[in-house]
Amino acid sequence: MKEKDHRLDDYFKCYGDITFQNICLFVDYHTAEDICQETFLRLAENLDSVNSKMVKAWLIVVSERLAKDHLKKGGKHVSRIGLELDKVDLEDLSSDVENMVEELEESRKKGRILKRLKKERPQWYDVLLMKYLEDMSDRVIGKKLGIRESLVGQWRRRARLWLRDRYSREYGERDS
C-alpha cells in the first residue's frame, strides 16, 4: 500500500465522523453518506496539496460546499436504498417525505442557531466542538485554548444555556 493510502485511511479514522455529522446538518442520512464519500475521494485527489494541519478544516469546508451544492440542485441526486418504486407504498413514502422535510427544517434551525453562537461567542463554540465532536476532556481543551480547565466547563454550560435560550426565543413560540 502506498504512503498516500495510509494517510487517507488515517484521516478517515480521525475525521470521518465529524465530516459526516457536518454534512447531516444539511441533508438526509443516505445522501450524507454519498457526500462524505465524495469528500474523501476529493481529499485523495488533493492529498499532496492539502497541508496536513489543515485537513480537518479542508474536509469541513469541502463537505459543506458539496452538501450546499446538492441542495442548490434541488436534491436531484437521490440516494437509492434498494427499493423499486412499484414495490413502495406511496402513502408511506409520502409520510416519510414529510418526516424528512420536518427533520431537514429542524436541522436547518439548529444550524442557524449554531452559526449565531459561532459568530457571537466563538470561544464557546470551539469548546462545544472540541468536547462533543472531538471528544476531548476539559483539561485537554483548556491546554489547547490556553485557559483554565474550570473555565472550559463554565463556557460549555453557558454555551448550552445560550443555545437553548436562543432556540426557544427563535422557534419555541412558533412551534407551540
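Predicted model: local features only at pLDDT ≥ 70, side-chain atom pairs only at ≥ 80, totals over all residues.
1. **Overall fold.** The protein chain holds seven helices and zero strands. Read along the sequence, the pattern is α-α-α-α-α-α-α. The protein chain has 176 residues, and 28% of them count as buried. Take the contacts between residues at least 6 apart in sequence: 65% of these join residues at least 24 apart.

2. **H2 against H3, geometry.** Two packed helices are described by the angle between their axes and the distance between the axes. Helix H2 spans residues 29–46. Helix H3 covers residues 55–72. Their axes come within 9 Å and cross at roughly 130 degrees. H2 and H3 are therefore oblique to each other. Their crossing is right-handed.

3. **H2 against H3, residues.** From H2, the contact draws on Thr31, Ile35, Glu38, Thr39, Phe40, Arg42, Leu43 and Asn46. From H3 come Val55, Trp58, Leu59, Val62, Ser63, Leu66, Ala67 and His70. By class, the residues of this contact of H2 with H3 are nine nonpolar, five polar and two charged.

4. **Thr39.** This residue sits in helix H2. Is Thr39 buried or exposed? Thr39 counts as buried, because its relative accessibility is 0%. Leave out residues up to four places away in sequence, and Thr39 touches Thr19, Ile23, Trp58, Leu59, Val62, Ser63 and Leu66. Among these, Trp58, Leu59, Val62, Ser63 and Leu66 belong to the H3 side of the H2 and H3 contact.

5. **H5 against H6, geometry.** Helix H5 runs over residues 122–133, and helix H6 over residues 138–145. They pack at an angle of about 140 degrees. Their axes are 10 Å apart. H5 and H6 are therefore oblique to each other. The cut-off matters here: only angles over 145 count as roughly antiparallel. H5 passes H6 in a right-handed crossing.

6. **H5 against H6, residues.** H5 supplies Val127, Met130 and Lys131 to the contact. H6 supplies Asp138, Ile141 and Leu145. The residues of the contact of H5 with H6 comprise four nonpolar, no polar and two charged.

7. **Asp135.** Asp135 lies in the loop between H5 and H6. Its phi is near 55 degrees, a positive value in a residue other than glycine. Most residues other than glycine have a negative phi. Asp135 counts as exposed, because its relative accessible area is 68%.

8. **Cysteines.** How many disulfides does the count give? The count comes to zero. A disulfide is a covalent bond between the sulfur atoms of two cysteines. For Cys24, the closest cysteine sulfur is that of Cys36, 8.7 Å away and so too far for a bond. The cut-off is 2.5 Å. Cys36 is likewise in no disulfide, with the sulfur of Cys24 as its nearest cysteine sulfur. Cys24 counts as partly exposed, because its relative accessibility is 24%. Cys36 counts as buried, because its relative accessibility is 7%.

9. **Ser107.** Ser107 lies in helix H4, which spans residues 90–120. Which residues does Ser107 contact, leaving aside its neighbours within four places in sequence? They are Cys24 and Leu25. Ser107 and Val27 are 80 residues apart in sequence. Their C-alpha atoms are 8.6 Å apart in space.

10. **Leu104.** Leu104 is also in helix H4. Leu104 counts as partly exposed, because its relative accessibility is 24%. Not counting residues up to four places away in sequence, Leu104 touches Phe26 and Val27. Leu104 and Asp28 are 76 residues apart along the chain. The C-alpha atoms of Leu104 and Asp28 are separated by 7.1 Å.

11. **Points to look at on screen.** Go on to Asp135 and its positive phi. Then view Cys24 and Cys36, whose sulfurs are 8.7 Å apart.

Terms used
Residues numbered from 1 in each chain as written. Heavy atoms only, no water. Axes fitted to C-alpha atoms, helices over the stretch in contact; angles between N-to-C directions. Helix = DSSP H or I, 4+ residues; strand = E, 2+ residues; numbered from the N terminus. Parallel < 35°, antiparallel > 145°, perpendicular 65-115°, else oblique. Left-handed = near helix turned anticlockwise from the far one by under 90°. Contact = heavy atoms within 4.5 Å. Nonpolar A, V, L, I, M, F, W, Y, C, P; charged D, E, K, R; others polar. Buried < 20%, exposed > 50% of the residue type's maximum accessible area, 1.4 Å probe, protein only.
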